[in-house]
Amino acid sequence: MDTLTALRDRRSINALTDDVPSQAAIQRLIDVAVWAPNHRMTEPWRFHVLTGDARRTVGEAISDGLRDELDADDPIAAGEIKGARAKLTRAPVVIVVSHPRADDPVMDLEDYAACCCAVQNMLLAAHAEGLAAKWRTGAMCDYVASRKALGIGDTDRLVGFIYLGYPSPNAPPDTRERTSPEVDWLGWDDAGD
């Protein structure tokens with residue numbers, strides 16, 4: 001598969017089988033992730049790979065920690081607490097990507113961007129391996145309980161939870177089209193080839 005095809009064809013897939021990808025396949029994803037561009041070669045990324053019972057254990061630790069962090073009487077918070085327990089079991093493998101926050105705000109932003117590029121590398125590599133992948137962010141990335149459950153620093157940033165597995169044969173195809181972006185061609189005589 002050529003690069004342009006991989007970029008166009010890769011989609012996030014929710015419906016996964018219970019089959020667990022091999023540790024060697026997951027290692028290949030991480031091996032290509034670290035080739036992401038990163039300013040000053042800081043290599044800020046950290047990977048936390050969860051499978052088997054570790055997914056449930058970490059999900060329970062996050063849920064238990066959220067009881068102290070959120071107002072359990074609030075229906076939305078109660079849903080988050082309950083949901084955290086099950087979210088990490090939605091895929092046979094979950095890779096959590098994090099990075100230590102830099103004191104310099106410019107470097108911190110560059111490190112975050114580098115980690116996002118590393119995630120994209122992993123998603124494309126998963127597609128090439130025949131795996132289904134989905135990058136999840138949201139509140140789980142911001143909870144102190146998530147960092148604590150993973151044993152990472154209080155100031156570290158969670159970039160996302162990468163859900164990995166094999167696509168279910170019943171997974172509906174993603175047929176959504178992308179819109180054409182607004183592009184300002186500055187200094188070009190024509191849009192060219």
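**Note on salt bridges, pocket and surface of the predicted model**

1. The side chains of Arg 28 and Glu 129 come together in a salt bridge at 2.6 Å, N to O, the term being used for a side-chain nitrogen of Lys or Arg within 4 Å of a carboxyl oxygen of Asp or Glu. This pair joins distant parts of the chain, with Arg 28 in helix α2 (residues 23-33) and Glu 129 in the loop between α5 (105-128) and β3 (132-136), 101 residues apart. Helices (H or I, at least four residues) and strands (E, at least two) are DSSP runs, numbered from the N terminus. Arg 28 is partly exposed at a relative accessible area of 39%, and Glu 129 is also partly exposed, at 29%; buried stands for under 20% relative accessible area, exposed for over 50%, and partly exposed for values in between, with a 1.4 Å probe and protein chains only.

2. On the basis of what follows, the model is a predicted one, in which local features need pLDDT of at least 70 and side-chain atom pairs count only at pLDDT 80 or more, while totals for chains, interfaces and linings use all residues. Residues are numbered from 1 along each chain as its sequence is written, and side-chain values use heavy atoms, with hydrogens and water left out.

3. The salt-bridge rule gives a count of five. One of these salt bridges is formed by the side chains of Asp 64 and Arg 85, at 3.1 Å, N to O. That pair links distant parts of the chain, Asp 64 being in helix α3 (residues 53-69) and Arg 85 in helix α4 (residues 75-87), 21 residues apart. Asp 64 is partly exposed, with a relative accessible area of 41%, and Arg 85 is partly exposed at 30%.

4. Asp 108 and Arg 157 meet through their side chains in a salt bridge of 3.2 Å, N to O. Here too distant parts of the chain are linked, with Asp 108 in helix α5 and Arg 157 in strand β4, 49 residues apart. Asp 108 counts as buried, at 6% relative accessibility, and a network of salt bridges links Arg 101, Asp 108 and Arg 157.

5. The largest pocket holds about 270 Å³ of space and is lined by 13 residues, of which Ser 12, Ile 13, Asn 14, Asp 174 and Arg 176 lie nearest its centre. On a 1 Å grid over the protein atoms alone, a pocket is an open set of points with protein on both sides within 12 Å along at least five of seven lines, and lining residues have an atom within 4 Å of a point. Its lining divides into five nonpolar, two polar and six charged residues.

6. Val 183, Trp 185 and Trp 188 form a nonpolar patch on the surface, with about 370 Å² of accessible area together; such a patch takes residues with over 30% relative accessible area and no salt bridge, nonpolar side chains being joined within 5 Å. Accessible areas come from the Shrake-Rupley method with a 1.4 Å probe. Trp 185 is found in the segment after β4 (157-165).

How values were computed: Patch = residues over 30% accessible without salt bridge, like charges linked within 9 Å, V, L, I, M, F, W, Y side chains within 5 Å. 1 Å grid on protein atoms, 1.4 Å probe; cavity = no way out; pocket = protein on both sides within 12 Å on 5 of 7 lines; lining within 4 Å. Points joined across faces, edges and corners; volume = space filled by probe spheres on them. Nonpolar A, V, L, I, M, F, W, Y, C, P; charged D, E, K, R; others polar.
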